[in-house]
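Visitor: I'd like a tour of this model, please. Could you show me how to read it as we go?

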Amino acid sequence: MANQKPLLKAEDLSKRYEDGVLALDHINLGVRGGEVYCLLGANGAGKTTTINLFLNFIPPTTGTCYIKGIDVTKDPLEAKKYVSFVSENVMLYGNFTARQNLEFFAKLGGKTNLTKEQYYQVMRRVSLQEKAFEQRVKAFSKGMRQKLGISIAIIKDAPAVLLDEPTAGLDPKAAEEFLEILTELKGEGKAILMSTHDIFRAKEIGDRVGIMKEGRLVMERTREELQYEDLVKIYIDYMKSEPLTA
Amino acid sequence: MAMLNMVLKADDLSKRYEDGVLALDHLNLGVRPGEVYCLLGANGAGKTTTINLFLNFIPPTTGTCYIKGIDVTKDPLEAKKYVSFVSENVMLYGNFTARQNLEFFAKLGGKTNLAKEQYYQVMRRVSLQEKAFEQRVKTYSKGMRQKLGISIAIIKDAPAILLDEPTSGLDPKAAEEFLEILTELKSEGKAILMSTHDIFRAKEIGDRVGIMKEGRLVMERTREDLQFEDLVKIYIDYMKSEPLTA
Amino acid sequence: MLKTIINKEILEALLSFRFLFGTLSCLILIPIGIYVNMKEYEQRRVEYQEIERLYQERSAGQVYTNFQAEGYRPPSILSVFSFGLESFLPNKVVTSENGDYQISKEQGIGNPESSLFGKADFLFNVGFIISLLGLIFTFNSISGEKEDATLRLIMSNPVPRWQVVLAKMIGNYVVLIIPFLISVVVGLILLNTSGVVSIFAHGLFLPFALILLVTLAFILAMCNLGLLISTLTHRSIISMITLLFIWTALVLSWPKISPMIATILYPVKPQQVHNSEKQLIRQNLENELDRARRELFDDIFTSRFGLTFDQLRKETTEIVTKAKTAFGQARATLDKKYEERITSELKKLDQEYLNRRSAQSAIARNLSRISPVSCYTYIVTEVSATGILELSNFLENSERFQQQVKQQLYDKSIHEWYGPTKTKGAWRIDTSVPGFDPEKQPVPHLSYKPTTLSRVLRTEWIDILLLFLFNIFFFAASYVGFLRYDVR
């Protein structure tokens with residue numbers, strides 16, 4: 001792996017909420033360009049909190065998140081130019097068409113002069129049906145909305161991509177298509193951080209896989225290492241072990 | 001194949017919606033006691049429609065659904081005594097505790113004289129944390145709500161169980177625990193019909209696996225068959241092939 | 001099964017924010033509304049007593065045969081619950097020798113701001129605010145459960161659909177009605193301990209009980225309407241928007257619009273125009289009477305007896321006396337004839353006018369009955385004696401008072417009148433019957449008779465029936481709505 005600086009970096013990141021819950025406990029994590037990092041863990045283990053901190057939706061208690069070397073709390077507007085976000089369960093604007101949604105978010109992301117055909121191209125790339133391009137999104141199935149969400153991330157063409165549970169609710173074919181797109185994006189040199197429950201696909205696509213438990217990154221394995229270990233077994237063992245905090 | 005003791009039976013089931021969409025096309029399906037049947041397919045392929053027809057939420061265009069030999073459209077109240085339902089994405093009653101939710105649905109299902117300890121036992125069985133039993137459900141994570149949903153199905157103790165995407169949103173550990181419970185229920189002789197996108201676990205738990213495409217059951221394999229075939233490959237191939245209807 | 005769901009609905013409602021909000025609203029608005037109106041009633045009653053007292057004082061010893069007696073209407077006790085038309089209903093009548101009594105409204109010392117914004121009495125609080133509360137409790141009862149996916153869990157069990165709808169109606173209504181009743185009890189305690197009004201006083205309890213029953217039926221109708229909204233929509237936000245639209249239309253707009261439509265459909269001339277017309281007719285007839293008298297005078301004095309006006313005035317001979325007697329008798333007959341004619345023509349005119357007014361009013365009322373708030377308002381105002389019926393009742397009391405004073409005073413006067421056609425003026429002698437002493441006459445006092453409850457029921461049975469039918473209709477429609485409801 002080329003020794004570049006990571007495009008996404010979490011340095012000694014901690015987050016304690018107002019109700020006292022310690023959601024993240026000194027996380028250190030980095031994702032380089034052309035690398036897919038899959039974050040596994042139970043609900044509440046800290047995966048979504050990590051993503052929220054990268055997006056500056058909440059401030060860290062200690063530590064820093066960097067996107068392309070920019071501290072996201074010090075210069076959020078600059079940092080956000082370099083990251084795309086695919087959220088889980090996004091309804092989008094139901095009364096707009098797919099293209100209208102795409103156009104809106106493309107412009108927000110800085111791509112103000114695209115033609116209709118360019119929007120259509122991106123939607124084709126994610127295998128969204130042609131006839132759906134000018135249909136209102138409220139008629140879309142979950143899989144279709146997910147694809148539209150990914151196309152929104154693609155059209156921004158940012159060097160870092162954050163995904164929160166991207167394959168949840170997708171049927172196997174759509175999930176496989178999604179993995180193909182991720183592989184393409186990886187080939188374009190993007191740094192991809194993905195939180196997921198899909199342990200099977202995490203093993204397939206992840207260059208590195210991290211397991212979070214109670215706010216800590218308790219384990220990290222590369223693809224090579226996982227050829228010799230059963231990820232599912234490792235995961236279950238970590239989850240079954242004693243809680244880290246009393 | 002002995003059709004006689006099928007607990008869940010769909011006979012030549014078709015459903016065309018008012019807007020003309022043919023959601024189910026002459027479906028024939030049966031689940032025996034002690035059997036787990038996994039239904040795979042894209043969104044809109046007909047999996048949820050099948051479940052909705054079994055529950056008489058919509059009437060069939062042609063064909064019949066039977067639960068324990070009872071025609072669900074002719075005698076819905078009688079048929080519903082013999083089936084439990086685990087829905088996807090159930091919010092339940094947020095201001096009630098887990099036990100209050102469980103108690104309400106247990107009574108609706110006919111179990112009117114249970115003790116508090118019996119409710120607790122069922123919740124323990126699904127690995128819901130003890131301290132959550134008397135907490136309000138609106139504070140629950142998705143995984144916890146899913147577990148509560150399963151416990152609601154378990155306490156009814158009906159011979160047939162319908163599950164709609166039960167593992168979506170569950171982290172790998174919770175999903176594995178869920179599979180364990182399903183295995184227990186299967187050995188108690190329950191007939192289980194489960195729609196899912198989780199092709200990997202479908203292969204693990206399913207005694208039979210069916211793939212639906214555009215309203216038709218295009219393929220069915222038993223566990224033995226799948227030892228020699230790659231389900232994922234079969235699935236993708238079916239999905240990639242020409243649409244069944246023009 | 002039904003009991004299980006009812007219990008669930010009650011518990012769910014008790015744990016909700018809307019219950020907290022509803023309880024606070026009831027506990028604050030109802031007792032305060034009753035208390036404030038009671039204070040105001042007290043003030044009006046004091047004003048009434050004061051006015052009566054001043055009238056008696058000022059008139060004592062001066063009760064002549066042409067005395068214009070004043071009758072006052074006391075404020076209605078039940079106006080504590082519904083101010084109604086109090087500021088518009090006449091409360092003073094002045095009798096007149098010529099039979100034309102005048103009714104008017106004696107303005108008390110008012111508060112201009114409260115006229116600007118209206119009174120927050122019990123009727124307003126229930127009709128506007130508690131009605132909204134009823135809708136809030138049930139507007140997303142079905143649609144909300146669909147959103148939370150609990151509805152399909154319920155329906156996957158052997159539960160007949162009618163049980164679900166019935167349980168929701170009962171559960172939510174019970175949870176709303178209990179804080180409401182508590183606040184009514186608090187209000188009643190405030191009333192009874194004030195010393196001003198006692199609800200258990202004779203004649204008050206029954207009307208109050210009727211008001212309370214009708215209120216409970218009205219609130220139930222609004223709960224059922226909310227339930228109906230919930231079975232016609234599939235998302236809470238849509239249910240909420242529908243609720244607001246319906247509440248605005250039914251409670252705010254429609255009752256105001258219907259009278260306006262009635263005036264357009266069936267216009268009626270204003271009261272002043274009618275009074276002027278009556279005045280004109282009376283004037284014409286009186287002029288006619290004057291001419292007739294003069295002709296009679298000529299006929300009897302000049303033609304028959306051959307006397308002159310001067311002779312009549314100065315002489316007291318036997319022939320003059322004879323002439324006076326003959327004239328007096330003939331004149332009395334003439335006067336009586338004209339009195340009857342004037343009375344009957346004016347009465348006919350009044351009746352026609354009243355009929356037209358009633359017809360317009362009936363159109364307005366019937367149109368407005370599309371809204372249950374209108375029906376509720378009519379019942380409560382009529383039972384509280386602050387409604388349209390009170391106007392009729394006041395007119396009857398005025399008529400009776402006029403007759404009373406006529407018998408006591410006007411009939412006791414003797415008018416002699418002499419005037420030929422050739423002179424402009426006339427010579428009058430006014431005396432009273434022997435024995436009549438103005439200083440010893442009691443000042444006439446109007447003993448006001450309120451409307452009876454049975455009379456109110458005779459007109460208001462229709463609104464009571466409509467409230468009952470609204471309940472049936474809204475609930476039945478909810479049931480039907482839920483039968484075809486997509487629970488997925």
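**A guided look**

Guide: Let's start with one residue: C:Ala362 sits in helix α12 (residues 318-368) of chain C. Helices here are DSSP runs (H or I, at least four residues), strands are E runs of at least two, and both are numbered from the N terminus. Residues are numbered from 1 along each chain as its sequence is written, while chains are lettered from A and ligands numbered from 1 in the order in which they are written. This is a predicted model: local features need pLDDT of at least 70, side-chain atom pairs count only at pLDDT 80 or more, and totals for chains, interfaces and linings use all residues.

Visitor: Is C:Ala362 buried or exposed?

Guide: The idea is to count other C-beta atoms, placed from the backbone, within 10 Å of the residue's own: 20 or more is buried, 12 or fewer exposed, and in between partly exposed. C:Ala362 has 12 such neighbours, so it counts as exposed. Its C-alpha atom is separated by 47 Å from that of C:Asp148, 214 residues apart along the chain.

Visitor: How do I read a whole chain, say chain A? How many helices and strands does it have?

Guide: Chain A has 9 helices and 10 strands. Its radius of gyration is 18 Å, close to the 18 Å that the globule rule gives for 246 residues, so chain A is as compact as a globular protein of that length. That radius is taken over C-alpha atoms, and the rule is 2.2 Å times the number of residues to the power 0.38. Along the principal axes, the C-alpha atoms fill a box of roughly 55 × 40 × 40 Å. Of the 246 residues, 45% count as buried.

Visitor: And what do contacts tell me about chain A?

Guide: Two residues are in contact if their C-beta atoms, placed from the backbone, lie within 7 Å. Take the contacts in chain A between residues at least 6 apart in sequence: 70% of them join residues at least 24 apart.

Visitor: At what angle do α4 and α5 of chain B pack?

Guide: For that, lines are fitted to C-alpha atoms, for helices over the stretch in contact, and angles run from 0 to 180 degrees between N-to-C directions. Helix α4 (residues 116-125) of chain B meets helix α5 (residues 142-156) of chain B at about 125°, with the axes 9 Å apart. The two are therefore oblique; under 35 degrees is roughly parallel, over 145 roughly antiparallel, 65 to 115 roughly perpendicular, and the rest oblique. The residues that meet are B:Val122, B:Met123 and B:Arg125 in α4(B) and B:Ser151, B:Ile154 and B:Ile155 in α5(B).

Visitor: Which residues of α3(B) touch α5(B)?

Guide: The axes of α3(B) and α5(B) come within 9 Å and cross at roughly 35°. On the α3(B) side, the contact uses B:Ala98, B:Asn101, B:Leu102, B:Phe105 and B:Ala106.

Visitor: How many residues are in contact where chain B touches chain C?

Guide: There, 21 residues of chain B are in contact with 20 of chain C. On the chain B side, α3(B) gives the most, with 4 residues.

Visitor: What about chains A and B?

Guide: That contact takes 23 residues from chain A and 22 from chain B. Elements of chain A that each supply at least two residues include β3 (36-41) and α5 (142-156).
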